[in-house]
Amino acid sequence: MKRIYVLLAMVAIAGSAFAQTGQVEPEFQKKVVAAADLYKAGDADGATRAFEELYRQNGDSADVLSWLGFLYLKAEKAADAIPLLEKAREKKGDTKDVLNNLGNAYQKAGRDADAAVCYQKLTAMDSKMYEGWYNLGNIYLRQNKLSEAIDAYKSGIQVNPNDPFIYNNLGVAHERSKQQDWAAEAFKKAAEMRPDNATFARNAGMSLAKAGKYEAAVPYLEGLYKQNSQDTTLALALANAYAKTGRIDRARAVYEGSQDALSGQKGFWFNLGVMREQSNDLNGAEEAYKKALEADGTDQDAMNNLGLIQFKRGHYDDAQAIFEKLVGLNPNNRDAKLNLAAAAAKNADYDVSIKLWKDVLKGEPGRSDIRVSMANAQWIIGSQAEAEANWKQVLSTDKSNAEALNGMGLVHLKNSKLPEAESAFTRAINSNARFVQGYNNLAITLERMNRKSEAIATLKKGLNVDPNNKDLNENLKRMKGSR
């Protein structure tokens with residue numbers, strides 16, 4: 001989504017001194033100075049006309065050649081500038097202004113290799129020549145010689161640390177080198193120097209976000225979004241930064257407010273669904289996930305989240321159907337298998353659940369949670385020996401697993417081993433004081449042991465945890481009534 005804009009503005013240099021070689025008439029030299037003064041006074045067109053006339057009078061004047069080449073370069077006439085600057089170089093030798101301007105003209109004409117030679121000579125002549133480093137860095141960047149570009153820009157910054165353009169281009173070089181943290185800092189520096197420059201702000205915001213520095217990215221992205229809320233890339237970046245910094249309501253507001261512009265973006269409806277779900281708007285989340293699936297019927301993330309919402313709402317048939325489709329799309333999706341198993345178990349479709357749990361356990365035999373769920377289902381369908389074996393296997397590595405202890409309590413209770421059942425259920429409750437099922441089963445065991453008052457007290461303890469539990473309430477009412 002991010003797009004970095006590269007600013008490769010070249011720096012041209014006007015002639016600062018006039019050559020004193022050759023037989024130049026004093027009157028002609030005065031005209032050269034006067035023409036240069038026109039440019040310095042802001043009259044570039046007048047200066048150009050004056051130098052063109054001087055060139056007709058004396059086409060060998062190094063000063064006229066270098067100035068007219070410079071003026072053509074400024075007027076975007078690189079093809080006209082090159083022969084003049086090349087001839088000026090022949091006349092004057094390798095001077096800073098001619099080397100720099102000739103390099104610029106070569107760049108504009110697409111002759112990067114020739115331009116690089118000029119800038120290399122320029123920086124070799126004077127390592128404090130900022131323009132040479134900056135322009136050389138631009139050449140290297142365009143040639144994708146990223147380490148060389150970075151070195152050139154850093155050398156330029158040592159000479160002139162106050163130019164935002166060089167920091168911006170340094171950021172581009174770092175980003176292309178996958179050095180995102182350094183890129184973000186360079187872009188941020190450029191934006192701080194020129195807070196009015198939207199490109200610098202955009203690069204800073206996008207790069208900081210990509211570097212995971214979402215808090216720092218937000219101010220840049222917010223300011224740009226206020227200016228252009230229809231920029232879909234910007235809206236998505238801002239919403240993501242809000243979400244990453246816990247501002248879910250703001251992230252959702254950006255999404256909701258930009259729905260018309262963003263709805264065609266891949267992933268938009270899924271992200272909106274996540275934000276709505278995090279805001280506990282399950283109806284809105286369901287609608288968003290369904291729209292995501294309308295756009296892409298194979299969107300597995302949207303399918304999974306929609307299934308989870310249906311499960312959360314108790315719509316187990318719908319959840320099971322969704323997870324069945326998801327497993328069909330990706331048979332190796334372990335989480336989808338587990339979700340399907342959970343939904344099938346809620347629908348009492350235990351054969352499906354057990355098959356899925358067994359399949360997952362082949363690859364993850366140490367998953368006690370899965371093994372316990374499978375054992376519980378096996379007990380319900382009458383595969384009690386298998387259930388007991390699985391509960392024991394869980395307890396061999398996790399002696400305080402409340403569900404496995406409860407399971408062994410059921411085995412003992414069925415076999416009328418009441419003291420053993422009491423011990424197992426008590427250990428389950430001690431392991432997890434909120435394990436309501438354990439209170440119910442312990443109360444039934446105590447009742448069979450003719451300890452009804454203790455059974456009633458146990459049921460009451462369970463109701464302190466879950467006052468609306470149906471089994472606890474019914475057993476309490478029954479026991480009190482039979483006193």
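Trainee: What volume does the second largest pocket have?

Mentor: Rolling a probe the size of a water molecule over the atoms shows where empty space is left. In this predicted model, the second largest pocket has a volume of about 190 Å³. A pocket here is an open set of points on a 1 Å grid over the protein atoms alone where a 1.4 Å probe fits, with protein on both sides within 12 Å along at least five of seven lines. The volume is the space filled by probe spheres set on the points, which are joined across faces, edges and corners.

Trainee: Which residues line the second largest pocket?

Mentor: Lining residues have an atom within 4 Å of a point. Among them are Trp379, Trp391, Glu403 and Phe435. Helix 22 (368-380) and helix 24 (402-414) each supply at least two residues of this lining; helices are DSSP runs of H or I with at least four residues, numbered from the N terminus.

Trainee: How much space lies in the largest pocket?

Mentor: About 410 Å³. Of its 21 lining residues, Leu236, Ala237, Ala239, Asn240 and Lys244 are the closest to the centre. Helix 13 gives the largest share of the lining, 7 residues.

Trainee: Let's turn to the rings. How many aromatic pairs does the structure hold?

Mentor: A pair of aromatic rings is described by the distance of the centres and the angle of the planes. There are 12 aromatic pairs here. Rings of Phe, Tyr and Trp (its six-membered ring) pair if their centres lie within 6.5 Å; planes under 30 degrees apart are stacked, over 60 edge-to-face and the rest tilted. Tyrosine 134 and tyrosine 153 have centres 6.4 Å apart and planes at 55°, so their pair is tilted.

Trainee: Are tyrosine 134 and tyrosine 153 buried or exposed?

Mentor: Tyrosine 134 is buried at 1% relative accessibility, and tyrosine 153 is buried at 0%. The cut-offs, with a 1.4 Å probe and protein chains only, are under 20% relative accessible area for buried, over 50% for exposed, and partly exposed in between.

Trainee: Which pair is edge-to-face?

Mentor: Phenylalanine 311 and tyrosine 316 are such a pair, because their planes stand at 70°, with centres 5.1 Å apart. Phenylalanine 311 is partly exposed at 24%, as is tyrosine 316 at 23%.

Trainee: What should I keep in mind about these values?

Mentor: Residues are numbered from 1 along each chain as its sequence is written, and side-chain values use heavy atoms, leaving out hydrogens and water. As the model is predicted, local features need pLDDT of at least 70 and side-chain atom pairs count only at pLDDT 80 or more, while totals for chains, interfaces and linings use all residues.
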